[in-house]
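Subject: Structure handover

Hello,

Here is the structure for you to take over. My notes on it follow below.

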Amino acid sequence: MSRLSPRTLAVALGQDLSLFVAWSVIPVWAMVKAQATPAELGFLPVVGGLAYVVTSWAAGRLSDRVSRTTLARIGLVGFAVFCLLAWRAKTLSWIYIVSPIGGFSNALIWPGLQALVGDESAPEDLEKNLGTFSLSWSIGKTLGFFVGGYAWHHLGLHALAACGILSFALAFIVPGRPARHRAVAAPLVAHDGPPAAVRAAYLKAAWLANFAAYGLGATLNFLYEERVVSLGRPTSHYNNVLAALFLSQTFAFWYFGRFSGWRYRPGVFLAWQTAGAAALAVIGWGAPLPVALAAAAAAGMSLGVAYSASIYYSVHSDEKRGERAGIHEAVIGASNFAIPMAAGFLQHRTGFAPAGYLFAAGLVLAAIGAQGVILARASRRTQVTPR
């Protein structure tokens, strides 16, 4: 049995808490103090998101060659610098200028830490350890959304200084690489496991699933508040639906980290994605709160299984774990701003309120079709029939 260092879990929880408090406060400041237009608000995550996407793959590759934990420490200090610079913002342009520092810094943190989970795991513990790691950052993310509102109310932009202090402090608790892995990462691929072609196919399918699923979640995050207001409902409905989504995702990380029956089998994987697409369409169509909450719970499970599969198949390798984790993170980074931006544009151009949600749901279904083709081809080549 191999267990993760509690310090690794604390860093994951603390950094996502810092990240999402910061990015809960910045848009409110931009709207209230900087008088940002809707277009300017929509552009806020783009500059840092692009920096994250561009850097993640390279940072993941670098973590396969140098200390993953040293890169994480540098990234944490870098994010602290971003928070302190953003804290001194007087104009929206300043946020745009410093945002790439935040994106670049987080790209140094996450791929290496995810690969480190593989380094610290034995083959029989990998999915459980990845589930526990994901559970930690998901709790931090969920708390960040809730704490961010209180932080703005009581501290205003000074909350960013607190975020910077937290990230800087976390740099000192990043654990060293376990002694047993300093020379070479432990092997994780069993000789009697799935053939290499099957593992490669599931990896590609999971990256596709993660791209579409995180676009689903980001569409709700960025567009649903406007939908709630347009329906004449209290904004608390938006908060309740988002809370249900993220709590369900957190449960999914715990569940799929302890239930291994989904690995290298398409059934559960594809079924939950289908449920997520249907759930998004129901929410975007304007379902009443009780129905929307149930649909958000289904969408959260869809997010959870897509992410769990993507990081598992990325790290389930005896080489290039950091590089593959970097691609996994780049996929998320691109999805988080590209899909809601396209969905919002479509909704604006058509004037049809559910259009953006149907677009994101359709993208999930298209990704499912592509995954089916990829997995079927691998099955035929290896004469392994998916169960």
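The axes of helix α4 (residues 92–120) and helix α5 (126–155) come within 9 Å and cross at roughly 145 degrees. Axes here are lines fitted to C-alpha atoms, for helices over the stretch in contact, and angles run from 0 to 180 degrees between N-to-C directions. Helices are DSSP runs (H or I, at least four residues), numbered from the N terminus.

This is a predicted model, in which local features need pLDDT of at least 70 and side-chain atom pairs count only at pLDDT 80 or more, while totals for chains, interfaces and linings use all residues. Residues are numbered from 1 along each chain as its sequence is written, and side-chain values use heavy atoms, with hydrogens and water left out.

Helix pairs

α4 and α5 make a right-handed crossing (the near helix is turned clockwise from the far one by less than a right angle; anticlockwise is left-handed). On the α4 side, Trp110, Leu113, Gln114, Val117, Gly118 and Glu120 are in contact (heavy atoms within 4.5 Å) with Leu126, Asn129, Leu130, Phe133 and Trp137 of α5. By class, this contact has 7 nonpolar, 3 polar and 1 charged residues. Ala, Val, Leu, Ile, Met, Phe, Trp, Tyr, Cys and Pro count as nonpolar, Asp, Glu, Lys and Arg as charged, and the others, Gly among them, as polar.

Helix α9 (residues 266–284) and helix α10 (residues 289–315) also cross at roughly 145 degrees, with axes that come within 8 Å. Their crossing is left-handed. Residues of α9 including Phe269, Trp272 and Gly276 meet residues of α10, among them Ala295, Ala299 and Val305. The contact of α9 with α10 has 15 nonpolar and 3 polar residues, and no charged ones.

Cavity

The structure holds 1 cavity of 30 Å³ or more. A cavity is a set of points on a 1 Å grid over the protein atoms alone where a 1.4 Å probe fits but cannot get out; lining residues have an atom within 4 Å of a point. Grid points are joined across faces, edges and corners, and the volume is the space filled by probe spheres set on the points. The largest cavity has a volume of about 70 Å³. Its lining includes Glu127, Phe253, Trp262 and Tyr312. α5 gives the most to this lining, with 4 residues, and α8 (236–256) and α10 each supply at least two. The lining has 6 nonpolar, 4 polar and 1 charged residues.

Aromatic residues

There are 22 aromatic pairs (rings of Phe, Tyr and Trp, the last by its six-membered ring, with centres within 6.5 Å; planes under 30 degrees apart are stacked, over 60 edge-to-face, the rest tilted). Phe79 and Phe82 form a tilted pair, 5.4 Å centre to centre with 45 degrees between the planes. These two residues are separated by about one helical turn because they are 3 residues apart in helix α3 (residues 68–87).

Trp152 lies in α5. Not counting residues up to four places away in sequence, Trp152 touches Val25, Val28, Trp29, Val32, Lys33 and Leu157.

Regards

Key
1 Å grid on protein atoms, 1.4 Å probe; cavity = no way out; pocket = protein on both sides within 12 Å on 5 of 7 lines; lining within 4 Å.
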